[in-house]
Amino acid sequence: MRKNEQWNEEWFSHILRGYLQENPLSIEQLHLLFVDLAFPHIIERFLRKKLYAQMNLAEIQQFCNREALKTAFMLDEMKAHVY
């Protein structure tokens, strides 16, 4: 998804299903996975490395929108898998 510079729920769900087939997680572990993936690691790196300095406003907005969609999806998935 990083290569295509877009968040894709379908791709993520497909990757996660494949992972879970090989490595089943408990509800607690799955909850923790979604919490970790919702944390803005990419935003933190984006700010720390000042990657925004190489981007125009439209690119920064696109980046932030993509991360917001990803975070909202992860939080929704976390809520859907309440234990």
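**Salt bridges and packing**

Author: Start with Lys70. This is a predicted model, and in it Lys70 is buried, with a relative accessible area of 13%.

Reader: Which residue does Lys70 form a salt bridge with?

Author: Glu67. The closest N and O atoms of the pair are 3.3 Å apart.

Reader: And Glu67, buried or exposed?

Author: Buried. Glu67 has 6% relative accessibility. The cut-off for buried is under 20%, so both Glu67 and Lys70 qualify.

Reader: Where do Glu67 and Lys70 lie?

Author: Both are in helix 4, residues 57-80. They sit 3 residues apart, about one turn of the helix.

Reader: How many salt bridges does the structure hold?

Author: It holds 2. Glu44 and Arg48 also meet in one, at 2.8 Å from N to O. Both belong to helix 3, residues 41-48, and are 4 residues apart. Glu44 is partly exposed, at 36% relative accessible area.

Reader: Switching topic. What's the overall fold made of, helices or strands?

Author: There are 4 helices and 0 strands. From the N terminus the order is α-α-α-α. The C-alpha trace spans about 40 × 20 × 20 Å along its principal axes.

Reader: How do helix 2 and helix 4 pack?

Author: At an angle of about 160°, with axes 8 Å apart. Angles over 145 degrees count as roughly antiparallel, so that is what helix 2 and helix 4 are to each other. The crossing is left-handed.

Reader: Which residues meet there?

Author: Helix 2 brings His31, Phe34, Val35, Leu37 and Ala38. Helix 4 brings Lys70, Thr71, Met74, Leu75, Glu77 and Met78. Note Lys70 again, the salt-bridge partner of Glu67.

Reader: What about the largest nonpolar core? Which residues?

Author: That core has 9 residues: Trp7, Phe12, Leu16, Leu30, Phe34, Ala38, Phe73, Met74 and Met78. Helix 1 (9-22), helix 2 (27-38) and helix 4 each give two or more residues to this core.

Reader: Leu30 is in there. What is Leu30 in contact with, leaving aside neighbours within four places in sequence?

Author: Leu20, Leu25 and His81.

Reader: How much of the protein is buried?

Author: Buried residues make up 18% of the 83 residues.

Reader: Last one. What share of contacts with a separation of 6 or more comes from residues 24 or more positions apart?

Author: They account for 62% of those contacts.

How values were computed. Residues numbered from 1 in each chain as written. Predicted model: local features only at pLDDT ≥ 70, side-chain atom pairs only at ≥ 80, totals over all residues. Heavy atoms only, no water. Salt bridge = Lys/Arg side-chain N within 4 Å of Asp/Glu carboxyl O. Buried < 20%, exposed > 50% of the residue type's maximum accessible area, 1.4 Å probe, protein only. Core = buried A, V, L, I, M, F, W, Y, C linked by side-chain atoms within 4.5 Å. Contact = heavy atoms within 4.5 Å. Axes fitted to C-alpha atoms, helices over the stretch in contact; angles between N-to-C directions. Parallel < 35°, antiparallel > 145°, perpendicular 65-115°, else oblique. Left-handed = near helix turned anticlockwise from the far one by under 90°.
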